[in-house]
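Here's a quick briefing to read alongside the sequence and the fold. Have a look at the structure, then go through the points below by topic.

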Amino acid sequence: MITKLLVANRGEIARRVFATCRALGVATVAVHSDADADAPFVADADQAVRLPGNTPAETYLRIDAILDAARRSGADAVHPGYGFLAENAEFAAAVTDAGLTWIGPSAKAIAAMGDKMAAKALLADAGVPMLPTWTDPAEVTAFPVLVKAAAGGGGRGMRIVRDAAGLAEAVAGARREAAAAFGDGTVFIERYVERGRHVEVQIFGDTRGTVVALGVRDCSIQRRHQKIVEEAPGVLPDDVRAALHEAAVAAGRAVDYVGAGTVEFLLAPDGQVHFLEMNTRLQVEHPVTELTTGLDLVRLQLLVAEGEPLPVTTTPPADGHAIEVRLCAEDPAQGFRPATGTLHRFAIPGVAAEFGPARGLRLDSGVVDGSTVSVHYDSMLAKLIAWAPTRTEAARALAGALARAELHGVATNRDLLVRVLRSPEFAAVDVDTGFLDRHPEVFAPLLPAEQLPVVALAAALAGAAARRAAAPVLAGLPSGWRNVPSFPQVTRFTGPGDEEIEVRYRLDRTGGLAEWSVSSSDATPAVTVVDATPDRVVLDVDGVRRALRVHRAGSSVFVDGPDGAASLTELPRLPLPTAELAAGSLLAPLPGAVTRVHVEVGQRVAAGDLLLTLEAMKLEHPVLAPADGVVTELPVPAGGQVETGAVLAVVDPEEDPQ
């Protein structure tokens, strides 16, 4: 019997496993890097062991350090979570050899499915249909293709290539990204199917030889080959669903599978099903299966690891519908680059449960108010899941909760997720892996541009209210009031896209708005101030009353309202002088390491040319020339570490190469 379990992972999956352990009376141990020392998952555990360092290679990918942590803490079992070492056969074998209980399939099964090419051959012999696949780029005969990491998942190390000219660089980039994420840079190449749906079957096996399918999930909506919306049950014809269940169970039986696993397929537009891969671990999207089957998959993992039989032997009927979104720290204004910083507020209304069964909203989060989002790990902050009797109700409830959430301090993909859930195409199940490419309209922010002046006014009024509340004398007078009308109050912000916004307003002796204007708008609506406090401003705008919630953290001001949210930065009245950058300077958007420099000083480049590659948060980010010109500076060599705002290159459009 398991008495103390160590989770060899971090973030929300560690918290998820700890939640079930608490319910079962199992003691818990966390391991953590230096960057994660104050993370919520560490506080959730009964004990914690430090893994010195920050990068995955120094910490969560070190088998020896994790086994030493288990020994020192007295843990008798290890759960790998997902990512990092979760699908590492060497790790599974080392845990077992150390006399510990491994929560997962055997090392042999992990090795069989972890070698994705061998897995394809094994299951092809069993009659499972496969896509054309190559290991040698020189042998590729048809395009488009998809370059894929042989180890791990989550979209890391994936590249779509549409012609032979781009194949070599795609393979090299995929190898680097896979090595950084999984410690294994092996890749292979697979035929890419346009407008295919990504569907998968959750399977479970026990030590008695039972393997059962627990339903089909649809994970088709993806960005950068990473799932962002998942649902169960997948909306499919009954015969396709039955075929998927049968093929998935056959895959599990072929390797004597024990524990939780996922068999992934591509459903082509012609209805043909193609095997993609088998993930020998718990999936990120497992909550939608839990909410529609009533099963706690982590509990089943522990029971099966203890040798107990599965409590289910046939596929349970789906109860209602569940949809999950992955809320990530990403900046839409920067092409959804991963974002870092401090979460000043993380509040989602209406959550019925965390990390467990919920009739309504469930939140599986790795962060809380005050959490720091580090550059060292992936960008996912949390998963929000909605269960409802119907798919339509689940989508509506999930979109509404996301839209009302207060997410302050770090840019997120929240607006994108809301627009996807509210789109008519999603409602009609017109989805596939190219959904986002075909629907650029879902990338628009929720807050209409014409509402920004009112939001900026609310931020200025809340700031004035805060100053009056803190005033040592005459705090009851309206801010800036004079017996004789004088110059208006002026507050300056930077807003979306670093646009400067100047709000000018004047209050009368009752605190009413006598006049106002915004520099970014030629016309402003008629506004009456109903109430203004430091954290809530109620305005009547053209006869419609709306309440806006305002939260300040230093110079940052976050405004949430019925039309969307905005993040503003209040500018000082007397700004300090700053160093002037050379024209054409390209700055690091986030901390990271320069992995490759593709040009030389003095080289002429065209707009859009690749200058260098920056690696951060397990992804590679290309740095492109903003205009035609000559490279005059490359201050950071390959391998160099940089902080946000560091100069990576200077491209002078005026420089004459002669």
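Two strands count as paired if DSSP finds at least two bridges between them. By that rule, strand 1 (residues 4-7) and strand 2 (residues 27-32) pair in the parallel sense, with 4 bridges between them. Keep in mind that this is a predicted model.

- Let's begin with the layout: 5 strands make an open sheet, and their order is 3-2-1-4-5 with parallel pairing.
- The edges are taken by strand 3 (47-50) and strand 5 (101-102); each has a single partner strand, so one side of each has no neighbour in the sheet.
- Helix 3 (residues 63-73) lies across strand 1, strand 2 and strand 3, and its direction is at about 155° to strand 1.

**Aromatic pairs**

- How many aromatic pairs are there? With ring centres required to lie within 6.5 Å, the count comes to 5.
- One of them is Y60 with Y377, an edge-to-face pair at 5.7 Å centre to centre with 75° between the planes.
- That pair links distant parts of the chain, 317 residues apart: Y60 is in the loop between strand 3 and helix 3, while Y377 is in the loop between strand 24 (372-373) and strand 25 (380-388).
- Buried or exposed? Y60 has 0% relative accessibility, so it counts as buried, and Y377 is buried too, at a relative accessible area of 1%.
- F336 and F443 also form an edge-to-face pair, this one at 5.6 Å centre to centre and 70° between the planes.
- Here again the pair links distant parts of the chain, 107 residues apart: F336 is in the loop between strand 18 (330-331) and strand 19 (337-338), and F443 is in the loop between helix 14 (435-438) and helix 15 (452-469).
- F336 is buried with a relative accessible area of 7%, whereas F443 counts as partly exposed at 30% relative accessibility.
- Back to the tyrosines: Y60 and Y377 form one aromatic cluster together with F84.

**Arginines over rings**

- R359 has its charged end over the ring of W387, 4.0 Å from the ring centre.
- R391 lies over the face of F426, and here the distance to the ring centre is 4.2 Å.

- G252 belongs to helix 8 (residues 238-254) and counts as buried, with 0% relative accessibility.
- If you set aside neighbours within four places in sequence, G252 is in contact with I203, V211, Y257 and M278.
- V212 is 40 residues from G252 along the chain, and 8.7 Å separates their C-alpha atoms.
- E230 is found in strand 14 (residues 229-232) and is buried, with a relative accessible area of 0%.
- Which side chain makes a polar contact with that of E230? It's R326, at 2.7 Å.
- Not counting residues up to four places away in sequence, E230 touches D218, C219, E285, V288, A322, I323, E324 and R326.

Note on methods. Residues numbered from 1 in each chain as written. Predicted model: local features only at pLDDT ≥ 70, side-chain atom pairs only at ≥ 80, totals over all residues. Heavy atoms only, no water. Helix = DSSP H or I, 4+ residues; strand = E, 2+ residues; numbered from the N terminus. Contact = heavy atoms within 4.5 Å. Axes fitted to C-alpha atoms, helices over the stretch in contact; angles between N-to-C directions. Phe/Tyr/Trp six-rings, centres within 6.5 Å; stacked < 30°, edge-to-face > 60°. Buried < 20%, exposed > 50% of the residue type's maximum accessible area, 1.4 Å probe, protein only. Lys NZ or Arg CZ within 6 Å of the ring centre and 35° of its normal. Polar contact = N/O pair within 3.5 Å; in protein donor to acceptor, adjacent residues only side chain to side chain.
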